[in-house]
Amino acid sequence: MSFVIRRQLSTLIPPKIASAKNIGSNPNAKRMAEVVSFYKKLPQGPAPAAKKPLNPIAKYRAAYFDGDNASGKPLVHLALAVIILGYTWEYQSHLKHHKDH
């Protein structure tokens, strides 16, 4: 067997089972059974659906950042938060100024 074929086979067989000695020789039934049992244990089918987030930050990230939902809305939310918090801060400091006089 050439080196290229051995290298291609080594990528198909898991590292615990693959070795230079095993790849070059004719595989017997026991080694093949180990390979088959290894691949039977691997998960099959589509990946399970992701769990829904529980905390508010994770829900917000899932709604506006992850996957196909990515958008520019968080920038609008940030701008509105800065405006509302800035106005509240300025209003409170304005009230403090009038109480002193």
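**Labels and their cut-offs**

Author: The protein exposes about 9400 Å², and carbon and sulfur atoms supply 65% of it; such areas come from the Shrake-Rupley method with a 1.4 Å probe, and for residues only the protein chains shown count as cover. This is a predicted model, where local features need pLDDT of at least 70, side-chain atom pairs count only at pLDDT 80 or more, and totals for chains, interfaces and linings use all residues. Residues are numbered from 1 along each chain as its sequence is written, and side-chain values use heavy atoms, leaving out hydrogens and water.

Reader: Why is Asp66 said to form a salt bridge with Arg61?
Author: The rule asks for a side-chain nitrogen of Lys or Arg within 4 Å of a carboxyl oxygen of Asp or Glu. The closest N and O atoms of Asp66 and Arg61 are 3.7 Å apart, so the pair meets the rule. By this rule the count comes to one salt bridge. Side chains of opposite charge can pair when their charged atoms come close.

Reader: Why is Asp66 called partly exposed?
Author: Buried means under 20% relative accessible area, exposed over 50%, and partly exposed in between (1.4 Å probe, protein chains only). Asp66 has 38%, so it falls in between. Arg61, with 46%, is partly exposed too. Buried residues make up 7% of the 101 residues in the protein.

Reader: How do you know that Phe38 and Tyr39 are edge-to-face?
Author: Rings of Phe, Tyr and Trp (its six-membered ring) pair if their centres lie within 6.5 Å; planes under 30 degrees apart count as stacked, over 60 as edge-to-face and the rest as tilted. The structure holds four aromatic pairs. One of them joins Phe38 and Tyr39, with 5.3 Å centre to centre and 80 degrees between the planes, so the edge-to-face label applies.

Reader: And what makes the pair of Tyr60 and Tyr64 tilted?
Author: Their rings are 4.8 Å centre to centre with 50 degrees between the planes, so they pair and count as tilted. Being four residues apart in helix α4 (residues 56-64), Tyr60 and Tyr64 are separated by about one helical turn. Tyr60, Tyr64 and Phe65 form one aromatic cluster.

Technical notes:
Helices (H or I, at least four residues) and strands (E, at least two) are DSSP runs, numbered from the N terminus.
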